[in-house]
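Please keep the sequence and the 3D view at hand while reading.

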Amino acid sequence: QVQLVESGGGLVQAGGSLRLSCTPSGNIFSIDVMGWYRQTPGKQRELVATINAGGITNNADSVKGRFTISRDNAKNTIYLQMNSLKLEDTAIYYCNANYYINSYEQDEVWGQGTLVTVSS
C-alpha cells in the first residue's frame, strides 16, 4: 500500500511563507510526476504545481513567481515553497504522485491533505 505523507501546513499571515513536503512510502518501483493540488469548500480541486522525474515543472498562473516546487529524487520527496502568501491561497493542499508499481504498471496516489490558512 503506497501512501503519501504530507507536512508543513499551518497558519500564516498574508505576505508570509510556508514550506510543504511530501514523501511516499510503500512499494514503489519508480515515480513519474508528483505535484500539489489544492481545494477549498465548494470548489473543485485545482492544480498548484507539478514536477516530473527530470525536474520539469508546471505551475498554475495564480502561483507563478510566488511558489516553487522542487524534488529530491534520492528521497522521492517533493517540496512546495510558498512565498508572498495571499488570503486566497487558503486551502487544503494535497500531494499527488503518479508512480510505477513495476516496469510497466502505473498507479496514482493522493495524500491526506494539509491545511494552509492565510490570515490578514
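In what order do the elements of the protein run from the N terminus on?

## Fold and basis of the model

The elements run β-β-β-β-β-β-β-β-β-β-β from the N terminus on, and the protein has 0 helices and 11 strands, where helices (H or I, at least four residues) and strands (E, at least two) are DSSP runs numbered from the N terminus.

The model is predicted, and local features need pLDDT of at least 70, side-chain atom pairs count only at pLDDT 80 or more, while totals for chains, interfaces and linings use all residues. Residues are numbered from 1 along each chain as its sequence is written, and side-chain values use heavy atoms, with hydrogens and water left out.

## Overall dimensions and contacts

With 120 residues, a compact globule would have a radius of gyration near 14 Å, and the protein agrees with this at 14 Å; the radius is taken over C-alpha atoms, and the globule rule is 2.2 Å times the number of residues to the power 0.38. Along its principal axes, the C-alpha trace spans about 50 × 25 × 20 Å.

Of the contacts with a separation of 6 or more, 54% are accounted for by residues 24 or more positions apart, a contact being heavy atoms within 4.5 Å.

Buried residues make up 38% of the 120 residues in the protein, where buried means under 20% relative accessible area, exposed over 50%, and partly exposed in between (1.4 Å probe, protein chains only). In soluble globular proteins, nonpolar side chains tend to be buried together.

The largest nonpolar core has 28 residues, and those with the most contacts inside it are Trp36, Leu80, Met82 and Tyr93; such a core is a set of buried Ala, Val, Leu, Ile, Met, Phe, Trp, Tyr and Cys residues joined through side-chain atoms within 4.5 Å. Among the elements that give two or more residues to this core are strand S4 (30-39), strand S8 (77-82) and strand S9 (91-100), and S9 gives the most, with 5 residues.

## Loop residues

Most residues other than glycine have a negative phi, and most peptide bonds are trans. Asn76, in the loop between S7 and S8, has a positive phi of about 55 degrees although it is not a glycine, and Asn76 counts as partly exposed at 26% relative accessibility. Ser84, found in the loop between S8 and S9, likewise has a positive phi, of about 50 degrees, and with a relative accessible area of 40% Ser84 is partly exposed.
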